[in-house]
Amino acid sequence: MARAAVSGRLSWRTATLVEARAENASARTLVFDVPGWPGHLAGQHVDVRLTADDGYTAQRSYSMSAPADGARVEITVQTVADGEVSPYLVDVLAVGDAVELRGPIGGWFVWRPEQLDPVLLVAGGSGVVPLMAMIRARRKHHNRSVFRLIYSVRTPDDVYYADELRRRARDDHGLEVTFVYTRFGEDAHRISVADVNTHGWPPELEPACFVCGPTGFVETVADILVALGHDPRRVRTERFGPS
Amino acid sequence: MATLSPGFRGRSREAEPKLPPGQYLTHDFPVLSAGPTPKVPTERYEFTIGTETGEKHSWSWDELLKLPAETPTVDIHCVTKWSKLGTSWKGVSLDTLFEDVESAADYAMAHSYGGYTTNLPLEDLLDGQAWLVYEFDGEPLHPEHGGPVRLLVPHLYFWKSAKWVRGISLLLDDEPGFWEAAGYHDYGDPWREQRYQGD
């Protein structure tokens, strides 16, 4: 399980919201301007810290949804019922407002633009966020490795980055996108071995597999990949819990 | 400087002395793992302590279960910000396992099935601070949470409590484990909020 060392201190930086867009009824993409941002790899995350008037603070981790682009840091946040931080980021924070942010964090669940192996991305719901950063980084760096995304989501209305994914599936040569709807249409079902077998890569191609979503989803998909013959060391996972 | 996060109120400020800085309470038991969950049958399970001289002490699953068991109830703190209070475990104190181990080492590396590693000072594993646990809440430890056997070192962030632990090697010099080499803190004290390198 080799990985590159990361060094240096992660200090809190002021991050000003410069752009925001709704992905669906409960998720919002936020683009921050973070002066001095050191850059990051697709798949990494940041910690966001909020401060109330009386000095009380709360912090949470969020995956970045876009590759490094100067001082721009983009995250997509899903509001969690009864959440403390996410409802504020989704419903309250306005363009021009600032929060504190530090990172990048995580050196394992990352895709590097110099990688040339086939890539299988498997997303469950909001787990698509760091995988979208990889899809965008591939295009940004004119990387030619073949990518497949299997995106399990309740209904078409719940899809994040819907227009962009449709456009990229058409225009980004070597990218295939498959949706598995769990609550839509006659074929509604939870992701199965058939989905992964049909729309993933055979293990002989030794793809890099990235699986992200809720714990149960990740456990299921990672078990399927291992059962299909993928080397567990080539299956990287990130589990999203409530925050 | 502009006001940070204007309009943010946060949850109630009820005193929660058991919560380290930057943590929030959860009643779930979230999971953090870097890869697929290894399935380790208990009949193949073995735990080994290896010293810096190459001496090895090993226990099978059956031998582990015959050792005196303890039932610690402890608070656990994950670097991803959740804390869970009053969790109940059953397992063997590392003091018991280290009883006959002769070593001059100051450092330990925990190794897991699946290849995960994490480093700790040896003294943090002794004196009633660490256990090899095989039950959670009165049930066999689920593979998702590190079963059949995980390390439990509750006074450090929970990534130090290696799941699917298969052994501990003793080292004269400190070496980074899996997350430690990826930018996480070498020691990981939640009360000093040592999440990442330099904290």
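A residue is called buried when its relative accessible area is under 20%, exposed when it is over 50%, and partly exposed in between. By this rule Arg21(A), at 31% relative accessibility, is partly exposed in the predicted model described here.

Arg21(A) takes part in a salt bridge with Glu74(A), in which the closest N and O atoms are 3.2 Å apart. Arg21(A) belongs to strand S1 (residues 13-24) of chain A and Glu74(A) to strand S5 (residues 72-78) of chain A, so the pair ties together parts that lie 53 residues apart in sequence. Glu74(A) has a relative accessibility of 8% and therefore counts as buried. Both residues also belong to a network of salt bridges, whose members are Glu19(A), Arg21(A), Asp69(A), Arg72(A), Glu74(A), Arg136(A), Arg139(A), Glu164(A), Arg168(A) and Asp172(A). Over all chains, the rule gives a count of 23 salt bridges.

A salt bridge in chain A also joins the side chains of Arg148(A) and Glu176(A), with an N to O distance of 3.1 Å. This pair links distant parts of the chain, 28 residues apart: Arg148(A) is in strand S8 (residues 147-153) of chain A, and Glu176(A) is in strand S9 (residues 175-181) of chain A. Arg148(A) is buried, because its relative accessibility is 17%, whereas Glu176(A), at 41%, is partly exposed. In the salt bridge between Asp231(A) and Arg233(A), the closest N and O atoms are 3.0 Å apart. Asp231(A) has a relative accessible area of 30% and is partly exposed, while Arg233(A) has one of 56% and is exposed.

The two chains were then examined at their interface. Here 39 residues of chain B are in contact with 48 residues of chain A. The size of an interface is often given as the accessible area lost when the parts come together. For chain B and chain A this buried area is about 3600 Å², and 53% of it is on carbon and sulfur atoms. Side chains of opposite charge can pair when their charged atoms come close. Three salt bridges are found across the interface of chain B and chain A. A salt bridge between the two chains is formed by the side chains of Asp223(A) and Lys39(B), with N and O 3.0 Å apart. The rule for polar contacts finds 19 residue pairs across the interface of chain B and chain A, with both residues at pLDDT 80 or more. On the side of chain B that touches chain A, 15 residues are nonpolar, 14 are polar and 10 are charged.

Two domain annotations are taken from UniProt. In chain B, UniProt lists residues 35-179 for "domain: Oxidoreductase molybdopterin-binding" (unreviewed entry). Residues 35-179 of chain B are 39% strand and 7% helix, with end C-alpha atoms 13 Å apart.

In chain B, Arg195(B) is found in the segment after strand S11 (165-171). The relative accessible area of Arg195(B) is 0%, and the residue is therefore buried. A polar atom of the Arg195(B) side chain lies 3.3 Å from the backbone oxygen of Pro21(B). The backbone oxygen of Val79(B) is likewise 3.0 Å from a polar atom of the Arg195(B) side chain.

Several backbone features were also noted. Most residues other than glycine have a negative phi, and most peptide bonds are trans. The peptide bond between Gly103(A) and Pro104(A) is cis, with omega about 0°, and Pro104(A) is found in strand S6 (residues 98-105) of chain A. A cis peptide bond also leads from Gly147(B) to Pro148(B), with omega near 15°. Pro148(B) is in the loop between strand S9 (139-140) and strand S10 (150-152) of chain B.

Ser5(B), although not a glycine, has a positive phi of about 35°. Ser5(B) lies in the segment before strand S1 (24-25) of chain B and is buried, at 1% relative accessibility. Glu193(B), also not a glycine, has a positive phi of about 50°. Glu193(B) lies in the segment after S11 of chain B.

Terms used. Residues numbered from 1 in each chain as written. Chains lettered and ligands numbered in written order. Predicted model: local features only at pLDDT ≥ 70, side-chain atom pairs only at ≥ 80, totals over all residues. Heavy atoms only, no water. Contact = heavy atoms within 4.5 Å. Buried area = accessible area lost by both parts, 1.4 Å probe. Salt bridge = Lys/Arg side-chain N within 4 Å of Asp/Glu carboxyl O. Polar contact = N/O pair within 3.5 Å; in protein donor to acceptor, adjacent residues only side chain to side chain. Nonpolar A, V, L, I, M, F, W, Y, C, P; charged D, E, K, R; others polar. UniProt positions renumbered as here; feature names shortened; annotations may be inferred. Helix = DSSP H or I, 4+ residues; strand = E, 2+ residues; numbered from the N terminus. Buried < 20%, exposed > 50% of the residue type's maximum accessible area, 1.4 Å probe, protein only.
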